[in-house]
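Hi everyone, thanks for making time for this one. Let me put the sequence and the model on the screen, and then we can walk through a few features together.

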Amino acid sequence: MIAIIDYGAGNIQSVMNAFEKIGAKATLVSDADKLKSYDKLILPGVGAFSEAMQRLKSANLDEAIKDFVASSKPFLGICLGMQLLFDQSDEFGFSAGLGLISGKVVKFQNDKFITPLKVPHVGWNTVNFKKQTAINKGLKDSEYFYFVHSFHAVCEDDVVLGVSKYGYNFISAVAKDNVFGFQPHPEKSHDTGLKILKNFKEL
């Protein structure tokens, strides 16, 4: 049983549609007490980090997510949902995250370039996988995914699953034990993205 957390900050319908395409049933859940009833959990997200965390906290979903992860069940964060896994974000000042993976979220650094990067980073880009895990099983070392984001994660190498380049290299996928995160949108990334969701379903 797969649950998709509905907290008012997610690209929920497209994620639901993607699971339908692969023949999997996913249920929207907004009640923190019900999360523990599911086998797998997905945290989608678009928008601002601080507002998303406030929404999670107001519904007690932040602690419910931590309890779910502590149970060793598979967890997947998508886009903003991946960023929320980290300790903190610099978006609109300091905001604390879920702290499931050590690291922080920062804005793309335009001051490094004579011609500034266009932010947000929107469109197709490669994810270069640094290791093989159950979530990227069956994919090539480099695959195209669809991105829409202005911030990216900074963390230790041991949890880095994939790296992409937009002006400079940035972390685009992470894996730590039963926790996975993708900065791009698997649900919008055609067959490659569907493969990620199939792998997650089979964990």
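Let's start with a question: how far is the sulfur of Cys79 from the closest cysteine sulfur? The distance is 16 Å, to Cys155, which is too far for a bond. The structure holds zero disulfides, a disulfide being a pair of cysteine sulfur atoms within 2.5 Å. Cys79 counts as buried, at 6% relative accessibility, and Cys155 does too, at 15%. Buried here means under 20% relative accessible area and exposed over 50%, with partly exposed in between, using a 1.4 Å probe and protein chains only.

A word on the source: this is a predicted model, where local features need pLDDT of at least 70, side-chain atom pairs count only at pLDDT 80 or more, and totals for chains, interfaces and linings use all residues. Residues are numbered from 1 along each chain as its sequence is written, and side-chain values use heavy atoms, leaving out hydrogens and water.

Now to helix 3, residues 61-70 (helices are DSSP runs of H or I, at least four residues, and strands are runs of E, at least two, numbered from the N terminus). Its buried residues are Leu61, Asp62, Ala64, Ile65, Phe68 and Val69. Just after helix 3, Ser72 takes a positive phi of about 75°.
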